[in-house]
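Welcome to the tour! Please open your viewer, get the selection tool ready, and follow along one stop at a time.

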Amino acid sequence: MKNAAALSGHQSAAVPAVGASASAPVVATPATLAGAAAAEVSTRDRVTQLLLEQGATTAAQLGAALGLSPAAIRRHLDAMLADGDVYAREQTVQGSRGRGRPAKVFLLTEAARVRCGTHHYDNMATAALRWIARSGGSDAVEAFATEQVSALESRCRTAMEDAGDDPLARAEALAAALTAEGYAANATTIASGGQLCQHHCPVAHVAAEFPQLCEAETAVISRLVGTHVQRLATIAHGDGVCTTHIPTQPVRAQSGNPVTTVRTDR
């Protein structure tokens, strides 16, 4: 006689055979996978905090402090090495050393330290610009901003040597150069000309108080593209992207023909 569950069209739950283990197989569900990923991140955070507090530390010391087996701590350290969060070096031993190779110690990389919030570059830069403003006024801040972007302009100009004279082509070349500098930029053609977008700004927090930084950067874009441009939005002003419009009709940025930069993000 057929099983009643089969007659009803439903699958019955698996029943272990006589003598077989009654424990059900472990099934990886989205919830268990998410929990495992969260635990992985939590452990790495704890490793990071220990290295931040203690400095150079061996894998054995880290494992003992966190209650992890040698294999488990090694797995986390290997992942952090691959991600560039830590680096290893031989342990310095004072006095005579025993047989065998010295143990390796692990340290946080500079990038990992910055993510831990141990540096406050924005606060220091803002304080420095406030001092410049008090001592020399707005003109001094503007001169400082111009000086700061001059090196960027020089590097981008070198990268754009083969871009030709067309402003839109130069904007594309500039976007590539800015991306190499960490600005995550791209250029697109629109009905009224072109548009240069920067999706990252390394000085956004400082520029929010000192727009002279944005103005100096806009002037650099004008000179490099070779035409009058309009800044439509900036990350420093609270927009998601720094957007610069490049009109269809170019106004050449040559000596004797000053470039006017129009800001519309205020």
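Helices (H or I, at least four residues) and strands (E, at least two) are DSSP runs, numbered from the N terminus. This is a predicted model, in which local features need pLDDT of at least 70 and side-chain atom pairs count only at pLDDT 80 or more, while totals for chains, interfaces and linings use all residues. Residues are numbered from 1 along each chain as its sequence is written, and side-chain values use heavy atoms, with hydrogens and water left out.

**Stop 1: the whole chain**

Show the protein chain as a cartoon: there are nine helices and eight strands to find. Of its 266 residues, 32% count as buried (under 20% relative accessible area; exposed is over 50%, partly exposed lies in between, with a 1.4 Å probe and protein chains only).

**Stop 2: a three-stranded sheet**

Select β1, β2 and β3. They make an open sheet in the order β1-β3-β2, with antiparallel pairing. β1 (57-58) and β2 (86-90) are the edge strands, each with a single partner strand, so one side of each has no neighbour in the sheet. Two strands pair if DSSP finds at least two bridges between them; β2 and β3 (residues 104-108) have five, in the antiparallel sense. To see one of these, select E90, whose bridge partner in β3 is K104.

**Stop 3: a helix with two sides**

Now select helix α3, residues 59-66. Which of its residues are buried? They are A59, L62, G63 and L66. These four lie on the same side of α3 because they cover an arc of only 95 degrees around the axis (taken from the directions from the helix axis to the C-beta atoms). An α-helix has 3.6 residues a turn, so residues three or four places apart point the same way. Colour A60 and A64 next: they are exposed, on the other side of α3.

**Stop 4: a hairpin and a cavity**

Move on to β4 and β5, which form a hairpin with two residues between them. Their pairing is antiparallel, over six bridges, and T189 has G194 in β5 as its bridge partner.

On a 1 Å grid over the protein atoms alone, a cavity is a set of points where a 1.4 Å probe fits but cannot get out, and a pocket is an open set with protein on both sides within 12 Å along at least five of seven lines; lining residues have an atom within 4 Å of a point. Grid points are joined across faces, edges and corners, and a volume is the space filled by probe spheres set on the points.

The whole structure has one cavity of 30 Å³ or more. The largest cavity holds about 40 Å³ of space. Select L168, A171, E172, A187, T188, T189, G194, Q195 and I246 to show its lining. α7 (167-180), β4 (185-190) and β5 (193-198) each supply at least two of the lining residues.

**Stop 5: the largest pocket**

Select Q148, V149, Y183, V203 and L213, which lie nearest the centre of the largest pocket among its 20 lining residues. Two or more lining residues come from each of α6 (121-159) and α9 (212-225), and α6 gives the most, with 11. The volume of this pocket is about 410 Å³.

**Stop 6: one last residue**

Finish at H205 in helix α8 (residues 204-207). Is H205 buried or exposed? With 63% relative accessibility, H205 counts as exposed. Draw a C-alpha to C-alpha line from H205 to I235: they are 30 residues apart in sequence and 8.9 Å apart in space.
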